[in-house]
Amino acid sequence: MKFVNSYKEKIKKYNEKHHLTYHIDTMGCSMNENDSNKYAGILESMGFEREDDEKKANLILFNTCCIRENAEKTLFGRIGALKRQKLKNKDVYIAVVGCMTQQKHIIEKIKESYRFVDIVLGTSCMSLFPEKVYESIIQNNSKIEYIDVSNNLEEEVPIKYEDQYRASVSIIYGCNNFCSYCIVPYVRGRERSREKEAILADIKKLAKAGYKEITLLGQNVNSYGNDLKEKYTFPMLLKDIEAIDGIEIIKFISPHPKDFKEDLIEVIKSSKKIARQIHLPLQSGSTKILKEMNRKYTKDEFLEIVKKLKEADESISISTDIIVGFPGETEEDFMETLDVVKKVQFNQIYMFIYSKRNGTKAASMQDDTLPQEKVKRLQRLKKFHEEQISNNNRKMIGQVYQVLVEGKSKTNETLYTGRTSQNKIVIFEASDKEIGKIKNIKIESDHLWYLKGKIE
Ligand code: SF4
């Protein structure tokens with residue numbers, strides 16, 4: 001479905017006089033960040049200007065996530081804090097969008113206790129956003145209602161990237177996997193792959209505009225194409241993107257280990273552009289727990305994929321997600337996870353304590369592990385991982401890596417920053433004219449989460 005904004009001109013005209021600003025607060029994953037870029041694109045096409053300070057903005061948009069249990073508390077705390085700002089200024093509008101508002105109980109809570117909220121939209125509802133803005137701001141008549149269009153696929157949505165050289169492109173929406181702990185299939189709907197022509201057209205446009213690095217997004221990128229009429233798979237898409245002039249680095253998040261097949265490994269092996277860092281979510285190293293999680297692979301199968309990736313190119317590094325303290329996880333199960341961490345030497349682990357989400361299968365599983373024990377396991381994993389990182393970083397000293405110069409370092413304005421193909425952050429001396437270029441950097445010293453280097 002093509003995105004049409006029939007309210008654009010009316011709101012733009014209103015903004016010529018009122019100069020309304022917007023501020024977006026994004027919670028959660030890269031898919032949400034990408035959606036926020038689209039909301040920014042829609043708002044700017046309607047004449048809104050970006051405002052970094054939430055307190056000064058007219059339209060404050062919360063793009064929500066519901067992966068963790070405490071996210072709801074955080075969101076409602078944030079909205080509650082805006083009530084005074086809203087009551088003091090009639091030109092303040094609050095919008096809540098994203099995964100959380102795909103749930104009926106959240107809409108009811110907003111209607112009951114946060115009636116000053118102006119706009120509420122679930123996922124895949126962007127085509128309705130301009131209308132909602134029009135109703136709230138111009139007609140002063142906002143309606144909070146539950147709208148379920150989670151199986152929509154919207155094309156040609158305006159998008160505003162914050163970075164000049166790196167952009168993300170969604171290739172597939174939704175998920176069919178129903179991992180037992182995960183709420184995503186319930187709030188993002190079933191898998192919908194975008195047509196290859198639409199994806200390739202977007203990437204060609206980005207290449208023409210000077211973007212060098214593309215990250216392909218999806219809840220499960222490597223099941224891309226399963227629902228398309230013509231046979232067109234994720235590896236085929238990667239090959240087509242490789243052929244686009246101007247794009248120099250290709251990344252993707254997240255692939256599912258169960259769908260990580262030989263043809264994908266072959267494409268990675270022969271590619272000159274696919275980053276040598278693959279995110280492969282493990283979740284648990286225990287085959288028993290993986291079964292309870294409905295992940296559809298075993299510990300050995302996961303290790304086999306890693307082995308094949310390393311055989312394809314030994315410079316490939318792997319990052320992962322791990323859930324600690326899933327219902328029924330014993331000390332032995334946790335040791336299995338540590339065993340995988342030891343064997344794979346992940347270069348980054350996004351680690352979480354299991355968070356119960358109502359409506360999922362795992363929510364009704366018996367969970368006998370004490371919360372303190374779960375915290376201890378997380379700390380043990382963190383310590384183990386950090387020791388590995390330090391050892392591996394030390395081995396990088398003296399080596400030369402290709403790095404896309406992203407811009408000035410946020411922590412040290414006199415230095416510049418970029419990432420190796422293995423996704424290691426490197427800081428170094430450079431100048432503005434090097435931004436957007438790929439440079440050879442020799443690593444000179446290491447710190448836990450970044451390296452220091454020198455342009456060769
Ligand atoms: S693959 Fe599993 S964890 Fe990932 S979004 Fe789908 S259900 Fe959730």
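**Close-up views of a predicted model**

View 1. Asn140 sits in the loop between helix H6 (129-138) and strand E6 (166-170); helices (H or I, at least four residues) and strands (E, at least two) are DSSP runs, numbered from the N terminus. This is a predicted model, in which local features need pLDDT of at least 70 and side-chain atom pairs count only at pLDDT 80 or more, while totals for chains, interfaces and linings use all residues. Residues are numbered from 1 along each chain as its sequence is written, and side-chain values use heavy atoms, with hydrogens and water left out. Asn140 is not a glycine, yet its phi is near 55°, a positive value. Asn140 is exposed, because its relative accessibility is 67% (buried is under 20% relative accessible area, exposed over 50%, partly exposed in between; 1.4 Å probe, protein chains only).

**View 2. Phe178 also has a positive phi without being a glycine.** Here the angle is about 50°. Look for Phe178 in the loop between strand E7 (172-173) and helix H7 (184-188). With a relative accessible area of 30%, Phe178 counts as partly exposed.

**View 3. A cis peptide bond joins Ile253 to Ser254.** Its omega is near -15°. Ser254 belongs to the loop that runs between E10 and helix H10 (262-270).

**View 4. Lys251 and Glu213 form a salt bridge.** The closest N and O atoms are 3.3 Å apart (a salt bridge is a side-chain nitrogen of Lys or Arg within 4 Å of a carboxyl oxygen of Asp or Glu). The pair ties together distant parts of the chain, 38 residues apart: Lys251 is in strand E10 (residues 249-253) and Glu213 in strand E9 (residues 213-217). Both Lys251 and Glu213 are buried. A search of the whole structure turns up 30 salt bridges.

**View 5. Lys299 and Asp339 are joined by a salt bridge.** Their closest N and O atoms lie 2.7 Å apart. This pair, too, links distant parts of the chain: Lys299 in helix H12 (residues 299-312) and Asp339 in helix H13 (residues 331-344), 40 residues apart. Lys299 is buried, as its relative accessible area is 10%, while Asp339, at 21%, is partly exposed.

**View 6. Lys374 meets Asp367 in a salt bridge.** The N to O distance is 2.7 Å. Lys374 has 7% relative accessibility and so is buried; Asp367 has 32% and so is partly exposed.

**View 7. Four residues make a network of salt bridges.** The members are Asp163, Arg166, Glu406 and Arg419.

**View 8. Ser317 lies in strand E12 (residues 317-324).** Ser317 has a relative accessible area of 12%, so it is buried. Setting aside neighbours within four places in sequence, Ser317 is in contact (heavy atoms within 4.5 Å) with Arg276, Gln277, Ile278, Lys310, Asn347 and Gln422.

**View 9. Glu44 is part of helix H2 (residues 30-45).** Glu44 is partly exposed, because its relative accessibility is 29%. Apart from neighbours within four places in sequence, Glu44 is in contact with Tyr22, Arg50 and Lys160. Between Glu44 and Gly218 there are 25 Å from C-alpha to C-alpha, and the two are 174 residues apart in sequence.
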